[in-house]
Amino acid sequence: MLGALMLGAGFLTGCSDNDPAPFESIKKEPVAGENLTVKINGTVIDGGSLSVEALSDTKANLRIENLVNGYPTLVVPVDMEYTGSEFKYSGSAELPKPSVGSRALASAPGVFAFAVSGVIAGDGSTVSADMNVSLTDFGRGGIMPGDYRLSSEINAENNELSDYTPLFLDWRVINPEGCPGSPDKDKKLYVGNAVKVLGSHVISEMLDGVDFLASGNLSAEYYSGVIPTGTDDDGNVVELPATPDNIQAWLMRKFMQGGVIDRYPREWMESPASLVNWYADDEYVYIMPDINAIVRTAVQAGGDAELAKQIIDVIGSLATMTDEELAATISSLAGLLPEGSDIDLSMIQPSLVREILGWFVTGVPLKYEYTGDYLQLYVDKEMVNAFMPVVLSIGGPLLEKFIAEMSQENPMLSILIPMMVQVQHITDLVPVWTDNTESFRLGLTLRKASAPAKAKCKSEIKAPMSAELESYVRSFIGR
């Protein structure tokens, strides 16, 4: 009898040892769609997938795909607890700088602190994930988080153009002799003055400020376009319909007036903070638009869902193309250009396309510099050296053709480009860029929201033009 009991006990113990552990029931297939519930910093996120590689009842690796901005694939180790029917889990990691290539979580200081927790069904069929992403001290670089307003300064105290205009361009040449673009005594091209005056008025119509949140999100206060203004019979400034003629007259008036930013009052819109992220190092701040989130938000606001899917699919397919396939795709875009456009798209090399696509992951790099209360974000010659010949050679003719068509109804516009850039054609600046550029800085000036605005003086910015031309311009904008 004792032998029989011992044999039975051994049999039962053997059966227990052969029972599968709970974690072995978790499927390894990606969970997506209605079976996956994800929140990032409190915002519900659609799309993407999550796979669970269960190592034991207490350990697992989560493979997170296309959910965390800047990290198309993210593998995070988590601790698990089996409750009898499901697994509760949590884990955290510091994320390195986003990279186009796959990277393991590094031991060096990360730019984002990442934490995730949630519940996994016993068989892994459904997963909930509550994720939190925030900047580390290291990831803030030299940027001071906070609310920044767009500068409202055009003229400095000496009535010269300020170094802190909302939009600025400083393009200096090596040799000013015979150089198109009317270089001044400091070897600066006149186009920089035009950008500072006219460009600052335009950008001030569309952007009011930027908030660099400590979480690593970025929000902007913006408006969808220019509000042209005029005066009524009593001399009061009034908003005018945004017709091409009114906008052209408004632009010319601002160009000749210079002076101060005097925007017509409006109600600014605020972009959701979940659409753009940022991080920084000692030299650059990286602006990371979340393309998936932007497209998803546009669809929720009434956008075309099918078009949105096509955009995402196109971006994804471009990233996987060979150089030959990219070159063929670029060439096929020639059919979309206006008829009669003499533009060679072969200048757009696959390497340029790959660099731009890489920015969707790593973020758009901008240099930054603090001067007192001012923060300037900009690109320099080195950063845009490969792009400028393409921009000038392709964008120039397209802009000139557009203006030529509009000039049929408004001849004044036909002199806009020569007056702004002091060259007959924008393409005349290509050899200046390739052979005669000493330095280049193009960017925005922001000011700490807590800093008081300086008093401005109103003056006219003189363009180097003939007296007859200036008289004609003034008669146009004053009509």
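**Entry 1: around H3.** I began just after helix H3, where Gly-259 takes a positive phi of about 70°. This is a predicted model. I then looked back along H3 itself. The helix covers residues 244-257, 14 residues in total. From its first C-alpha to its last it reaches 20 Å, close to the 20 Å expected at 1.5 Å a residue. Which residues of H3 are buried? I listed Asn-246, Gln-248, Ala-249, Trp-250, Met-252, Lys-254, Phe-255, Met-256 and Gln-257.

**Entry 2: the cores.** I looked up the largest nonpolar core and found 89 residues in it. Ile-64, Phe-114, Met-131, Trp-171, Phe-212 and Val-285 have the most contacts inside this core. A second, separate core has twelve residues, including Ile-330, Leu-345, Val-390 and Ile-394. As background, I noted that nonpolar side chains tend to be buried together in soluble globular proteins.

What does Phe-114 touch, leaving aside its neighbours within four places in sequence? Its contacts include Ile-64 and Met-131. Val-68, Leu-74, Val-76 and Leu-95 are also among them.

**Entry 3: aromatic rings.** I found twelve aromatic pairs in the structure. I checked Trp-171 and Phe-440. Their ring centres are 5.6 Å apart and their planes stand at 80°, so I logged the pair as edge-to-face. Trp-171 lies in strand E11 (residues 167-173), while Phe-440 lies in strand E21 (residues 437-448). The pair therefore ties together parts that are 269 residues apart in sequence.

Are these two residues buried or exposed? Trp-171 has 3% relative accessibility, so it counts as buried. Phe-440 has 5%, so it counts as buried too. The cut-off I applied is under 20%.

I also noted one aromatic cluster, formed by Tyr-71, Phe-112, Tyr-279, Tyr-284 and Tyr-286.

**Entry 4: Arg-266.** I looked up which rings Arg-266 lies over. One is Tyr-223, with Arg-266 over its face at 5.2 Å from the ring centre. Another is Trp-268, with Arg-266 over its face at 5.3 Å from the ring centre.

**Entry 5: confidence.** I ended with pLDDT. The protein chain has a mean of 85, and 86% of its residues reach 70 or more. Where is confidence lowest, and where highest? It is lowest in helix H1 (residues 2-18), at a mean of 49. It is highest in strand E20 (residues 374-380), at 97.

Note on methods:
Residues numbered from 1 in each chain as written. Heavy atoms only, no water. Core = buried A, V, L, I, M, F, W, Y, C linked by side-chain atoms within 4.5 Å. Buried < 20%, exposed > 50% of the residue type's maximum accessible area, 1.4 Å probe, protein only. Contact = heavy atoms within 4.5 Å. Helix = DSSP H or I, 4+ residues; strand = E, 2+ residues; numbered from the N terminus. Expected span 1.5 Å × (residues − 1). Phe/Tyr/Trp six-rings, centres within 6.5 Å; stacked < 30°, edge-to-face > 60°. Lys NZ or Arg CZ within 6 Å of the ring centre and 35° of its normal. pLDDT = per-residue confidence, 0-100.
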